[in-house]
Amino acid sequence: EYIIRVQRGISVENSWQIVRRYSDFDLLNNSLQIAGLSLPLPPKKLIGNMDREFIAERQKGLQNYLNVITTNHMLSNCELVKKFLDPNNYSANYTEIALQQVSMFFRSEPKWEVVEPLKDIGWRIRKKYFLMKIKNQPKERLVLSWADLGPDKYLSDKDFQCLIKLLPSCLHPYIYRVTFATASESSALLIRMFNEKGTLKDLIYKAKPKDPFLKKYCNPKKIQGLELQQIKTYGRQILEVLKFLHDKGFPYGHLHASNVMLDGNTCRLLDLENSLLGLPSFYRPYFTQFRKISTLESVDVHCFGHLLYEMTYGRPPDSVPVDSFPPAPSMAVVAVLESTLSCEACKNGMPTVSRLLQMPLFSDVLLTTSEKPQFKIPTKLKEALRTAKESIEKRLMEEQKQIHQHRRLTRAQSHHGSEEERKKRKILARKKSKRSAIENSEEHSMKYSNSNNSAGSGASSPLTSPSSPTPPSTAVEHAPF
């Protein structure tokens, strides 16, 4: 048995221990084979597997295995890994919960019928999908998505339900139409048309929409970006819809390639309901590192940078910020990527969507749509959205501040504990000690000289101010946190 200490985020208080056998690791590894990655699980050993040296070696191997999984953005978010590392919080059967909620809804709406669950097609643990049909139109296929509330749900239950029910009235050439939407106090259920071609991410990765998320995107067989004209057109369409939402005061914050549906040569944005539900963004682990990305508008622009990188190179960036960009189809692409993903951009802040639309990559793209956007939000609900948006941004800034302080503290401790710093402190302590010894010796000599003069001449010595006491030599060491 191996003891694993797990910590969520930067707080040591938010940590726990679990006990796992090698067979548990083996089971997890077999389940993760769907991702098509070569994961470094140490091999099985039947003889001599209780030897002290072997156990120590295996312990290192298992630690390395966990490091690889938890630093992979897709694997660390998947249900299999979360259940392995945090069984107490992820013990529920979310598909079963979703089915119960959907069944309750169908009691009052008998025209819909579930064809089959679409297992694991998305990355969210608490969002489930079902293939649907309408009873009197059996050939037409639709997708039902069900999701429960997230940590950023700040709308009142009444405002939340009203806004969810408003979504089918939203008409925009670059927003994927919602056929039906309803909400309870704890979840929302939406129905859209099923698209056989899938999302923009499916196009980039040459994937089948119905396949599980890990299988589709974790280890693509062929990495190839889109053509320049596609990048320009899709990018312009996505920026136009982001500007529309920003102008309406509607918070989004959930842009990524799987949330962009492809309809012919047109991109249409998905999942407007996510911000109303308070769900975390796919790219949250990235933008929480940068304090200048603190509004939902700047979050959308940063996420657009991730999306543009994926469209250009056929894969996500290895890490963010990006120090240098590989050769691209045009320098105009690199200019936009630098303004959203570079060290300078992440340190100084994101450009606005309007600024991106003026950049050479998108400014000459002609959009041929004649459909007029419509999305009427009552004044009272606009105010509720503004307040909710401010609360989401406040929580984001608090998290960014904590991460920033933790980083500074970690750097200080690392610097203070380095070999070079220890040597410096030893030398400084020796110098202080020598100086103190010399000063004490001089003081003693002066007192001796003064007392001799006084005794020899019989004259009184002049009054002098008392000498300052010499500070004691101290060596301070930081206790480990």
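Strands β6 and β7 (residues 187-193) run antiparallel and are joined by four bridges; strands here are DSSP E runs of at least two residues, helices are H or I runs of at least four, and both are numbered from the N terminus. Two strands count as paired once DSSP finds at least two bridges between them. Within this pair, F180 sits opposite I191 of β7. The model is a predicted one, in which local features need pLDDT of at least 70 and side-chain atom pairs count only at pLDDT 80 or more, while totals for chains, interfaces and linings use all residues. Residue numbers start from 1 along each chain as its sequence is written, and side-chain values use heavy atoms, with hydrogens and water left out.

The β6/β7 pair belongs to an open sheet of five strands, ordered β3-β4-β5-β7-β6 and paired antiparallel. At the edges stand β3 (112-118) and β6 (180-183), each with a single partner strand, so one side of each has no neighbour in the sheet. From one strand to the next, the twist averages 25°.

What lies across β6 and β7? That is helix α6 (residues 157-166), which runs at about 170° to β6. Axes are lines fitted to C-alpha atoms, for helices over the stretch in contact, and angles run from 0 to 180 degrees between N-to-C directions.

Two helix pairs are worth a look. A packed pair of helices is described by the angle between the axes and the distance between them. Helix α1 (residues 22-31) packs on helix α2 (residues 52-70) at an angle of about 30°, and the axes are 12 Å apart. On the α1 side the contact (heavy atoms within 4.5 Å) uses Y22, F25, L28 and N29, and on the α2 side R58, L62, Y65, L66 and I69. By class, that makes seven nonpolar, one polar and one charged. Ala, Val, Leu, Ile, Met, Phe, Trp, Tyr, Cys and Pro are taken as nonpolar, Asp, Glu, Lys and Arg as charged, and the others, Gly among them, as polar.

In the second pair, helix α12 (residues 296-313) and helix α13 (residues 331-341) cross at roughly 140°, with axes that come within 8 Å. Residues of α12 including F304, L308 and Y309 meet a set in α13 that includes V333, L337 and L341. This contact divides into ten nonpolar, five polar and no charged residues.

Over in helix α7 (residues 200-205) sits L203. Leaving aside neighbours within four places in sequence, L203 touches L226, Q230, Y234 and L262. Even so, L203 is partly exposed, at a relative accessible area of 30%; buried means under 20%, exposed over 50%, and partly exposed in between (1.4 Å probe, protein chains only).

Overall, the protein chain has 18 helices and nine strands, and 43% of its 481 residues count as buried.
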